[in-house]
Amino acid sequence: MEVVILPTPEDCGRVVADILAAAVTGGDRPVLGLATGSSPLLAYRELVRRHRDEGLSFAGVRTFNLDEYVGLPPDHPESYRSVIRRELTSQLDIDDADVHGPDGAHPDPLVAAREYEQRLRDDGPVAVQLLGIGANGHIGFNEPGSSLTSVTRVKTLTEQTRRDNARFFDRPDDVPRHVITQGLGTIARAEHLVLTASGPGKAAAVAAGVEGPLTASCPASALQLHPHATVVVDEAAAARLERADYYRYTLAHKLPHQPF
Ligand code: F6R
């Protein structure tokens, strides 16, 4: 795993945008795995800027969201389908038919989860899967205790995650209790995992995921098993990493032709 510690969240956004842009320009109809929440927003803004100002084209790119709330209509402003369209894909030259996510409004969410897993198998592999991390170490909505080989399924959010996400809703009670999320095994099929986090609230989870034991109690620790995982964090989110000096040293001495 490569850990990239940068001074600010804006710096992290630029590096994550570099990685996604390289996948877009280097692949034929590449598949990008997208996360929602606050963590990826600066990277998305940077990609939109590069598209607008520098002509970076996303023509032919297909996108797959990590997860979705169960029970929100697809046009609800906080459904992850709406969020990803608003924050990213509608501002790029990506065909809306190529923007995918689990169907949280399906009459049977269990069926929707199975169908999404199959879709990912049929259309994959994902070239780059972007990830945030929850304060409790979740990735996607794989809450602590999730099987390290899990596939897309319905999960029940912890009360902590519901409280953390209440900022996006009018009332805390409006946060759905259930989600459909790619499993840890699903996520692991992506060719490159890129986890980004900023701020002191993520420091403990980042340290547990990167340097703690491999355990279902910290789902982000599953990155330790992946052959190509990159963790891009600002100084505040890196504050509890014991090997931080080594990660900085490694970054400073990267070979010129050694990509992230
Ligand atoms: C969202 C997702 C979650 C978030 C995590 C962090 O699609 O999968 O794992 O990445 O909850 O959320 P933020 O970035 O809002 O702190």
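Is Arg 29 buried, partly exposed or exposed? I looked this up at the start. Arg 29 comes out as partly exposed, because its relative accessible area is 38%, between the 20% and 50% cut-offs. I keep in mind that this is a predicted model.

**Entry: Arg 29 and its loop**

I placed Arg 29 in the loop that links helix H1 (9–26) to E2. Next I checked its backbone. Arg 29 has a positive phi of about 50°, and it is not a glycine. I flagged this, because most residues other than glycine have a negative phi.

**Entry: strand E2**

I followed the chain into strand E2, residues 31–34. Which way do its side chains point? Val 31 and Gly 33 point one way, while Leu 32 and Leu 34 point the other way. All four are buried.

I then listed the partners of E2. Strand E3 (residues 62–65) runs parallel to E2 and is joined to it by four bridges. In that pairing I found Leu 34 opposite Asn 65 of E3. Strand E6 (residues 128–131) also runs parallel to E2, joined by two bridges. There Leu 32 stands opposite Val 128 of E6.

Together with helix H2 (residues 41–54), the strands E2 and E3 make a β-α-β unit, and I noted it as right-handed.

**Entry: Asn 65**

I stayed with Asn 65, which is found in strand E3. Is Asn 65 buried or exposed? It counts as buried, because its relative accessibility is 1%. Asn 65 and Gly 101 are 36 residues apart in sequence, yet their C-alpha atoms are 4.7 Å apart in space.

I checked both faces of E6. Val 128 and Leu 130 lie on one side, Gln 129 and Leu 131 on the other, and all are buried. Leu 130 stands opposite Val 194 in E9.

The peptide bond from Gly 124 to Pro 125 is cis, with omega near 5°. I marked that bond too, since most peptide bonds are trans.

**Entry: the ligand**

Which residues come nearest to the ligand? Of the 15 residues around it, I noted Ser 39, Asp 67, His 138, Gly 140 and Lys 202 as the nearest.

I then went through polar distances to ligand oxygen atoms. The side chain of Asp 67 has an N or O atom 2.6 Å from an oxygen atom of the ligand. For Thr 36, a side-chain N or O atom is 2.7 Å from a ligand oxygen atom. For Arg 167, a polar side-chain atom lies 2.8 Å from one. How much of the ligand's accessible area does the protein cover? I read 94% of the 410 Å² that the ligand has on its own.

**Entry: the sheet with Asp 67**

Asp 67 sent me to another set of strands. I found an open sheet of three strands in the order E4-E8-E7, with antiparallel pairing. Its edge strands are strand E4 (67–69) and strand E7 (153–156), each pairing on one side only. On average, neighbouring strands here are turned by 30° against each other, direction ignored.

I looked more closely at one pair. E4 and strand E8 (residues 178–181) pair over three bridges in the antiparallel sense. Asp 67 stands opposite Thr 181 in E8.

**Entry: Ser 90**

My last stop was the loop between helix H3 (80–87) and strand E5 (99–100), where Ser 90 lies. Is Ser 90 buried or exposed? Ser 90 counts as exposed, because its relative accessibility is 54%. I checked what its side chain reaches. The backbone oxygen of Arg 85 is 2.6 Å from the side chain of Ser 90. I also noted a distance to Val 48: 42 residues apart in sequence, and 9.6 Å from C-alpha to C-alpha.

Methods. Residues numbered from 1 in each chain as written. Predicted model: local features only at pLDDT ≥ 70, side-chain atom pairs only at ≥ 80, totals over all residues. Heavy atoms only, no water. Buried < 20%, exposed > 50% of the residue type's maximum accessible area, 1.4 Å probe, protein only. Pairing = 2+ DSSP bridges. Right-handed = clockwise from strand over helix to strand, strands pointing away. Near = heavy atom within 4 Å. Polar contact = N/O pair within 3.5 Å; in protein donor to acceptor, adjacent residues only side chain to side chain. Areas by Shrake-Rupley, 256 points an atom, 1.4 Å probe, with all protein chains shown as cover. Axes fitted to C-alpha atoms, helices over the stretch in contact; angles between N-to-C directions.
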